[in-house]
Amino acid sequence: MAKAPVPPSSSPRPVTYIPTPSIAALQDDGLATDHSSSFFPVSFRDKLSDDDYSFDFVDGFLPSDPAPGVDLFYPPPYYSFWNDLTVESVRKSLRWLRGLLSRNGPYDGVMCFSQGCSLIASFCLYHQAETPHQPFPFNAAIFICGGVPFQVLDDLGVDITKEAWEINHKGAKALAEQASTDAILKAGLNRWTSTEGLNSNGDAALDPANVFGLDFTKMPKHLQIKVPTVHIYGNKDPRSTASLQLAHFSDPTLSKTYDHGGGHDVPRRTNVSEDIARLVEWVSWAASVR
């Protein structure tokens, strides 16, 4: 489990993060609720050493049904970035995102959870593939419990093996089951179970030639995300494989991974909150000195 180094106290500059929140990415869609700040808890924001950080909490733009288990905690309305995961729906969401960044930005960084990660990851990869001459509209990204849609990778010409598709579908199905209202009422936090084949060493133990079915030794170099990134996942999250695959699209000299030890959520434990705060500070510093 990677620990975030604390950057020099004189280095970080104030950074505005626009979370692109989403509750769950399951099967072929993901859902978001207007209770955005709940998924970027005060527990870690209060641990930031600089009071000048500001957060702009952004909802999805499409009305949707609640994701499994969401209506147990939050009343409607519910929103999503897409309700049917296709290349066309993702590109529609990216047009919306570009408009948002243009109207409300500039932002120094983005912080995203679950489906929000799929949105921002798709933005990054399409940007690298189609408009690499244009500057990124943000300088850093923090991904929490999310990956890049395989539909997007396929559209970009990435070879997706049968093994990768099977792991992807298995994780999505397990997430839907473990995030459900029944699972919450029966088992609470104990409903999260480890992903098969993922050990506690997480990213450190993975072979780049086979990251849950994706061969990153043959990945097109132009798809590498060029801004500093942080990838936060839980080893009990059924979709943690997607988080670690996304981490491999980042420049290893500009990225860090962190296992918070939980499931498809953001634990409020003090040690986890402190670690996440240090990661936010590190990526802010890394973006400021480039």
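Where is Phe212 found, in terms of the loop between a helix and a strand? In this predicted model, Phe212 is found in the loop that runs between helix 6 (181-187) and strand 9 (229-233). The close-ups below take in that residue and a few other backbone spots.

**View A. Phe212 has a positive phi.** The angle is about 55 degrees, although Phe212 is not a glycine. Its place is the loop between helix 6 (181-187) and strand 9 (229-233). Phe212 has a relative accessible area of 9%, and because buried means under 20%, Phe212 counts as buried.

**View B. Cys145 also carries a positive phi.** Here phi is about 55 degrees, and again the residue is not a glycine. Look for Cys145 in the loop between strand 8 (141-144) and helix 4 (150-155). With a relative accessible area of 2%, Cys145 is buried.

**View C. A cis peptide bond joins Pro76 and Pro77.** This one is a proline next to a proline, with omega at about 10 degrees. Pro77 sits in the loop between strand 5 (62-63) and strand 6 (78-80).

**View D. Gly105 and Pro106 are linked by a cis peptide bond.** Going from Gly105 to Pro106, omega is near 5 degrees. Pro106 belongs to the loop that lies between helix 2 (87-104) and strand 7 (109-113).

Notes
Residues numbered from 1 in each chain as written. Predicted model: local features only at pLDDT ≥ 70, side-chain atom pairs only at ≥ 80, totals over all residues. Heavy atoms only, no water. Helix = DSSP H or I, 4+ residues; strand = E, 2+ residues; numbered from the N terminus. Buried < 20%, exposed > 50% of the residue type's maximum accessible area, 1.4 Å probe, protein only.
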